[in-house]
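Here are a few notes to go with the model. Keep the viewer open and click along as you read.

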Amino acid sequence: MASERFEQGLSVRRRVLGDEYVDRALREADDFSRPLQELVTEVAWGTVWTRPGLSLRDRSLVTVAALTALGRIHELKIHIGAALRNGVTREELREVFLHLGIYAGMPAAVEAFRTAREVFQEGSR
């Protein structure tokens, strides 16, 4: 039985990432990976993303910045789409990536720009 925090996390996760992505992630989880999906939904989404103090939009900006700095491109791609869904503009993403070029290194910024262009192209199809 899912906890209340899991249900809250699932709701926010769907709102930020979209039903299609979340449904696929949960559907594709097997006995090995299901505990990870449950943990991510309950803790990351149900505990952290539901906290007061930052809007979902601001949390998206922070997440995009962290993923860029860490070079986590697969997750960055997902969260660029989420940031756009949360009201972040392409111009704001550009400024985040430029800013991170100074603090996280130019290769990180170059990769973030490349990834964002892919997301923008996929969204225009």
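1. Let's start with a word you'll need: buried means under 20% relative accessible area, exposed means over 50%, and partly exposed is anything in between (1.4 Å probe, protein chains only). This is a predicted model, so local features need pLDDT of at least 70 and side-chain atom pairs count only at pLDDT 80 or more, while totals for chains, interfaces and linings use all residues. Residues are numbered from 1 along each chain as its sequence is written, and side-chain values use heavy atoms, with hydrogens and water left out.

2. Now find F97, which counts as buried at 1% relative accessibility. Rings of Phe, Tyr and Trp (its six-membered ring) pair if their centres lie within 6.5 Å; planes under 30 degrees apart are stacked, over 60 edge-to-face, and the rest tilted. By this rule there are two aromatic pairs. One of them joins F97 and F113 edge-to-face, at 5.6 Å centre to centre with 65° between the planes. F97 sits in helix α6 (residues 90-103) and F113 in helix α7 (residues 106-123), so the pair ties together parts 16 residues apart in sequence. F113 has 26% relative accessibility, so call this one partly exposed. Helices here are DSSP runs (H or I, at least four residues), numbered from the N terminus.

3. How do α4 and α6 pack? Their angle is about 40°, with the axes 10 Å apart. That makes α4 oblique to α6; angles under 35 degrees count as roughly parallel, over 145 as roughly antiparallel, 65 to 115 as roughly perpendicular and the rest as oblique. The axes are lines fitted to C-alpha atoms over the stretch in contact, and angles run from 0 to 180 degrees between N-to-C directions. Contact means heavy atoms within 4.5 Å. Residues making the contact include L61, V64 and A65 of α4 and V96, F97 and L100 of α6.

4. Next, look at α4 beside helix α5 (residues 73-85): the angle is about 160° and the axes are 9 Å apart. So α4 is roughly antiparallel to α5. Among the residues that meet here are T63, V64 and L67 in α4 and L76, H79 and I80 in α5.

5. Is T63 buried or exposed? With a relative accessible area of 19%, T63 is buried. Its place is in helix α4 (residues 56-70). Leaving aside residues up to four places away in sequence, T63 touches W49 and H79.

Terms used
Helices (H or I, at least four residues) and strands (E, at least two) are DSSP runs, numbered from the N terminus.
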